[in-house]
Protein chains: 2
Amino acid sequence: MALWVLKFGGTSVGDPARIGNVASLIERHRRSGIDLVVVVSAMAGETDRLIALAQTHSSTPDPRELAALLVTGEQASAALLALTLCARGIRACSYTAWQIGLEARGAPDEARVHAIDPTRLQSDLESGIVPIVCGFQGIDAAGDYVTLGRGGSDTTAVALAAALGADECQIYTDVDGVYTADPRVIGAARRHDNLSYSEMLELAGLGAKVLERRSVELAGRHKVPLRVLSTFGGKGSRGTRFTGSPAMVNEDSLCGVTLSQGESEITILGVPEQPALAAILLGPISAAGIEIDLIVQNHARDGRVDLGFTVPQRSLPDTLALVRERAGAIGAEAVISSERIAKLSLVGLGLKSHPELIARLLSTLAAESISVRMMATAEIKVSVTIPEEDGHRALVAVHRALGFEEEARKPVPRKKRGS
Amino acid sequence: MALWVLKFGGTSVGDPARIGNVASLIERHRRSGIDLVVVVSAMAGETDRLIALAQTHSSTPDPRELAALLVTGEQASAALLALTLCARGIRACSYTAWQIGLEARGAPDEARVHAIDPTRLQSDLESGIVPIVCGFQGIDAAGDYVTLGRGGSDTTAVALAAALGADECQIYTDVDGVYTADPRVIGAARRHDNLSYSEMLELAGLGAKVLERRSVELAGRHKVPLRVLSTFGGKGSRGTRFTGSPAMVNEDSLCGVTLSQGESEITILGVPEQPALAAILLGPISAAGIEIDLIVQNHARDGRVDLGFTVPQRSLPDTLALVRERAGAIGAEAVISSERIAKLSLVGLGLKSHPELIARLLSTLAAESISVRMMATAEIKVSVTIPEEDGHRALVAVHRALGFEEEARKPVPRKKRGS
């Protein structure tokens, strides 16, 4: 008999009607004879409400106690879903992390799943009971509650699927899969039926916030087949499936274009070449808790290099102060910055073998008179920074020029069309 | 060093200002060098909110899941109090029932404390940490959450005090002790400094709802000194202390008058005497979940007895139906009932040795032209039923006539005054 782990996010369990909707979906799967383990988040808004409540008592709440407070959100939604199922005659039991031995290690607000004891869940499954597991929470070595950080319930679901050897882990959310571009921005964006873990990782890192990086990494490591689909979609939608299996993924294709806005760019010009230059310059910025994204260092010319990188716009003043402190000491000629830039990225396994796609990207932007400031390439993605105001126009043009409107997964090489 | 267990009810932790107030009280005791373990209820209204939420999903929520939902209320208030204390530099840790091995047995909505593992709490106390324990919850043999029923947090506090050998268990509530009569009704009522467990048990059973019966019984059994006092009172108030020690309690005294309204009375007349009559008649009523209170059976006359008892007014129609079903079979002559009666009770160890106090009670009521319908006496209390509309007048008259206005604990015998 097939075993699926289903995960429902906060909007899916946001009110009694929606919890009823989730119960119906579970009922349908049970009638089809599928064994289920369900993971739930707190009801939409509940975690934020609890954080605000904690902050009325302390501006920097004690991390242990904040975690102890936050886990009540998932406990409540798990119990509510379980009692809704019980009322419909479906045997269900809610479980906290300690009841299923879900051990986690690390900071109380960003712990990682360490171990799960599947005994009780397996015995429930054998008895036809649907276990409803609280997402986002774990127990540390001292026996205290910790939380798994943003997207933590997805991680709970993937970890359970791995521990139980589930046939599939289904993440129900408010979108029905992963698209070639953000469908709220690009109406012509198309949904992928299949993606590889590594493509999803790049997309997740680039602002396609369907799944958090950690849960995709975990799925890839444990080879858990992962599917993203909509709670509110029709019965027909199959969402997007992630797998590491080469048979499922076309190595010769692109999977999407993403746009990330709200960034700033800093470039340090003419720094005498020296070992570990990036570490000397970027270490203190990272240590100050500033998220550095794209980093570009050119080849040395006359013994000097330029080093550019992006940070969130809100971090620009602090970053500039830190950079200027060090610029003299390392002999930099100048520091320049742009406050408002956007980052456009093209992702796909096909990029590895088809460098002409990068040329297509650049010529499309040139035809739109959009200036590219920095460019960086990785195994399966290429990113460029452009002025923020050109972001949306660039996304539309690149999405069209690279043929994504025709089919979700674009095979390459293809004939060049138009400009 | 002294060790106290403090328990704060829902109104004491009802909002951030009140939680701050509780934190200040804890801070004061810690500064005086007292070791503390704290038990909290859910914030006022939270348990009712959660029950209502459960009922939007199921009119008869699954008991296991309802318990799992309700325990989140205490978890939230415990974490909030702990992080408030941490923010003030007082080391505090919140604990759920499973973290301190608080095992309970029985129905998920009315379990009884079975065992506590004091190891972690003791180690906290040695390190100067204030443990904040979630009241009302326990873990059953299967490792599931159960709740301890109404007043369950008081039971948690008493059980902890017993397990830790605490010097005192202090129950903070919204009244500052136990009075000779309800002080909201009788302005001249006076507070007791000391009461025996058995007196408190009778008072609790008679509508003086300061403490639930179960926690007083537990305190008596484990000889835990118990004190009731107000969270909102001044620093000077010492509340009322309960103890089993004879030195503290005057055997020759009365401790209070209580009035319980909203009751109905049923009398079955002329039943041929037979073994276990009460069980035959009252068993089915009890089995139907109806709370039977005062039971009076007179001595047989001509081989026939009358059996009277009281039930809550809302249960009268169901009770009458059950009684009439059986009245014929047991040969009863008639069934009569009064819908609206009140029960007035006089409580005190002094009643045992001073039957003249009962005469004083009856003559006071007669002087007020209040008719007594049934009367029952126990070791340390006497109860009469009277018409509901005379209840308040009877309470005032008896409280005054028995001398309670002069001092909280009334020594007897005394001179008869007035009427």
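**Strands, chains and single residues**

Strand β1 (residues 3-8) of chain A pairs with β9(A) in the parallel sense, over five bridges. The model is a predicted one.

Q: What makes β1(A) and β9(A) a pair of strands?
A: Two strands count as paired when at least two bridges are found between them. β1(A) and β9(A) have five bridges and run parallel, so the term applies. Within this pair, Phe8(A) has Tyr172(A) as its bridge partner in β9(A).

Q: Which strand do five bridges join to β9(A), running parallel to it?
A: That strand is β11 (residues 226-230) of chain A. Here the bridge partner of Ile171(A) is Val228(A) in β11(A).

Q: Why is strand β9 of chain A called mostly covered?
A: A residue is buried if 20 or more other C-beta atoms lie within 10 Å of its own. Of the six residues in β9(A), which spans 168-173, five are buried, and therefore the strand is described as mostly covered.

Q: In what order do the six strands of the open sheet in chain A stand, and what is the sense of their pairing?
A: The order is β15-β16-β14-β17-β19-β18 (chain A), and the pairing is antiparallel.

Q: Why are β15 and β18 of chain A said to stand at the edges?
A: β15 (295-297) and β18 (374-377) of chain A each have a single partner strand, so one side of each has no neighbour in the sheet. From one strand to the next, the twist averages 30 degrees.

Q: How do you know that β17 and β19 of chain A are paired?
A: The rule asks for at least two bridges. Seven bridges join β17 (residues 334-347) of chain A to β19 (residues 381-387) of chain A, and the two run antiparallel; the pairing therefore meets the rule. Lys343(A) stands opposite Thr385(A) in β19(A).

Q: Which helices lie across strands of this sheet in chain A?
A: Helix α10 (residues 356-367) of chain A lies across β17, β18 and β19 of chain A, at about 15 degrees to β19(A). Helix α11 (residues 391-401) of chain A lies across β14 (256-272), β17 and β19 of chain A, at about 115 degrees to β14(A).

Q: What is the bridge partner of Leu344(B) in β19(B)?
A: The partner is Val384(B). The strands concerned, β17 (residues 334-347) and β19 (residues 381-387) of chain B, pair in the antiparallel sense over seven bridges.

Q: Why is Asp124(A) called partly exposed?
A: Buried residues have 20 or more other C-beta atoms within 10 Å, exposed residues have 12 or fewer, and partly exposed residues fall in between. Asp124(A) has 19 within that distance, so it is partly exposed. Asp124(A) lies in helix α4 (residues 119-126) of chain A. Apart from neighbours within four places in sequence, Asp124(A) is in contact with Cys93(A), Ile129(A) and Pro131(A).

Q: Why does Phe136(B) count as buried?
A: The cut-off is 20 or more C-beta neighbours within 10 Å. Phe136(B) has 26 and therefore counts as buried. Phe136(B) is found in the loop between β6 (130-134) and β7 (137-139) of chain B, and its phi is near 75 degrees, a positive value in a residue other than glycine.

Q: Why does Lys223(B) count as exposed?
A: Lys223(B) has 12, so it counts as exposed. Lys223(B) belongs to the loop between α7 (213-222) and β11 (226-230) of chain B. Its phi is positive, about 55 degrees, although Lys223(B) is not a glycine.

Key. Residues numbered from 1 in each chain as written. Chains lettered and ligands numbered in written order. Predicted model: local features only at pLDDT ≥ 70, side-chain atom pairs only at ≥ 80, totals over all residues. Helix = DSSP H or I, 4+ residues; strand = E, 2+ residues; numbered from the N terminus. Axes fitted to C-alpha atoms, helices over the stretch in contact; angles between N-to-C directions. Contact = placed C-beta atoms within 7 Å.
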